[in-house]
Amino acid sequence: MTTYAFPNHFLWGAAASGPQTEGAEGKPHRSIWDSWHAAQPERFYRGIGPETVCNTLHRYKEDVALMKHIGFNSFRTSIQWSRLIDDLETGEPNAEAVRFYNDYFDEMIANGIEPMVNLYHFDMPEELQNRYGGFESKHVTDLFARFAATAFRLFGHKIKYWITFNEPIVPVEGGYLYDFHYPCKKDGKLAAQVAFNIMLAHAKAVQCYREQALTGEIGVVLNLTPSYTRNDSAEDKKAAWYADLLFNRSFLDPLVKHQFPKELCELLALHQCLPETTKEEVSLITGSHIDFLGVNYYVPRRVQARETPYTLDYFTPEFYFENYVDPNGRFNPYRDNNEIHPQAIYDIATNIRDNYGNIKWYLAEIGIAMDLQSEGPVQADGVIDDGFRIGLMEEHLVQLHRAIADGANCFGVHQWTFIDNWSWLNSFKRRYGFYRLDLETGKRQIKRNGLWFKALAQSNQFTLE
């Protein structure tokens, strides 16, 4: 038997977001997800949109009690820009939203659960997208900073951990390269501009936080997907280098290392995709310091050198590589046969340790997708048997434990997610929660993974044979 014990005061909990749990009710503005679903419901799995959620807006007290029941000492959610702010230009808040968020955060704190609050989880207000192009516009970076400053002023005395953006590369990929987020454009140069502007918005928000001299910490959550090669050839290694540069280092280096990779700038210039910037903006981004990093990880990326011509009429990272499926890999039969590779956790941790100053970080999202059929029905003991998840989570945590033993500066783990929630175009196709959500009744039903997590969180360790 081997026991894997984690550091004292380790954070255990889950991650979610406002738009995926609160829904649209009572907001002064619609988000791009509200309006996109209204216009094209057929693009969403079974037509289910963001109005179908677990109703945290009204059931937060019940949900916080369920968090406490399975041992959470922390929980990440997000404040919806379209809910908190009445006047999107001035940043003036909505009184009802202020009341709700205060009550929600206070309920967590009263139950020993540290709220970690994110400001942007893909949910641009529709009005700002229509009027300015969202983060295509630098004016919107100023409006985001006003939103952030309002949130800090209202809740900064009680929130110790702030996050500016969750996975900031995803709106770039989904909205401007691969057509799975609104505004569904395909434009490499515009994608690079949006990426830069998001980093600028992040830096302006951090500046606002520092100006208010609050006692907490502020960071950013990045999805860092290691790139593995088909073989050890120089061509495949170069393909992985490009994938890492474009998908990981493009955000990680400016926000943590305080420098834009020279190779990235040269590559974007070669493809006529360099964003419009000023020296002052670049200095603001590279001079901005975060206190911690959040890391989301689900699956590895495997690449090989291109063997077929690149045929798109706009630039994407795949100009430099092709994706590769490892014929000897392990795959999740319940989520598009995505590869399972726990070793990636160790590789991420050692990369942060060795190349990014061993910055303090936490595993902000990790989750194993299943569907309703694979999870199965409620068992005789009242628990849903999703044991498939437990073994895989243990494998990933063994790798995290090994990394911590080797010096990785990790301070917590949040699984995705607490209750099955609405998930963008996938809606409820995939389930991740510790609790199942019944879409008709709203009932929360515990899963076996939730009980396993309770034992882990309360003991700060787990044991394997």
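**Close-up 1. The largest nonpolar core of the predicted model.** This core has 143 residues, and Trp81, Leu84, Phe135, Trp162 and Leu293 touch the most other members. Its greatest contribution, 14 residues, comes from helix α9 (residues 188-211). A second, separate core is made of nine residues, among them Ile163, Phe292, Tyr362 and Phe411.

**Close-up 2. Surroundings of Leu293.** Leaving aside residues up to four places away in sequence, Leu293 touches Val220, Leu222, Leu224, Leu252 and Val256, and also Ile352, Ile359, Lys360, Trp361 and Tyr362.

**Close-up 3. The aromatic pair of Trp81 and Phe135.** The whole structure holds 57 aromatic pairs. Trp81 belongs to helix α4 (residues 81-84), while Phe135 is in the loop between α6 (126-132) and α7 (138-155), 54 residues apart. Trp81 counts as buried because its relative accessibility is 1%, under the 20% cut-off. Phe135, at 4%, also counts as buried.

**Close-up 4. The aromatic pair of Tyr120 and Phe135.** The planes lie at 75°, so the pair is edge-to-face, with 5.3 Å between the ring centres. Tyr120 is in strand β6 (residues 114-120), and 15 residues separate it from Phe135. Tyr120 has 4% relative accessibility and therefore counts as buried.

**Close-up 5. An aromatic cluster.** Its members are Tyr4, Phe6, Phe10, Trp12, Phe72, Phe75, Phe418, Phe434, Tyr435, Phe453 and Phe462.

**Close-up 6. Charged side chains over aromatic rings.** Lys238 lies over the face of Tyr242, 5.3 Å from the ring centre. The charged end of Arg301 is placed over the ring of Phe247, at 3.9 Å from its centre.

Definitions and conventions
Residues are numbered from 1 along each chain as its sequence is written. This is a predicted model: local features need pLDDT of at least 70, side-chain atom pairs count only at pLDDT 80 or more; totals for chains, interfaces and linings use all residues. Side-chain values use heavy atoms; hydrogens and water are left out. A nonpolar core is a set of buried Ala, Val, Leu, Ile, Met, Phe, Trp, Tyr and Cys residues joined through side-chain atoms within 4.5 Å. Buried means under 20% relative accessible area, exposed over 50%, partly exposed in between (1.4 Å probe, protein chains only). Helices (H or I, at least four residues) and strands (E, at least two) are DSSP runs, numbered from the N terminus. Contact means heavy atoms within 4.5 Å. Rings of Phe, Tyr and Trp (its six-membered ring) pair if their centres lie within 6.5 Å; planes under 30 degrees apart count as stacked, over 60 as edge-to-face and the rest as tilted. A charge sits over a ring if NZ of Lys or CZ of Arg is within 6 Å of the ring centre and within 35 degrees of the ring normal.
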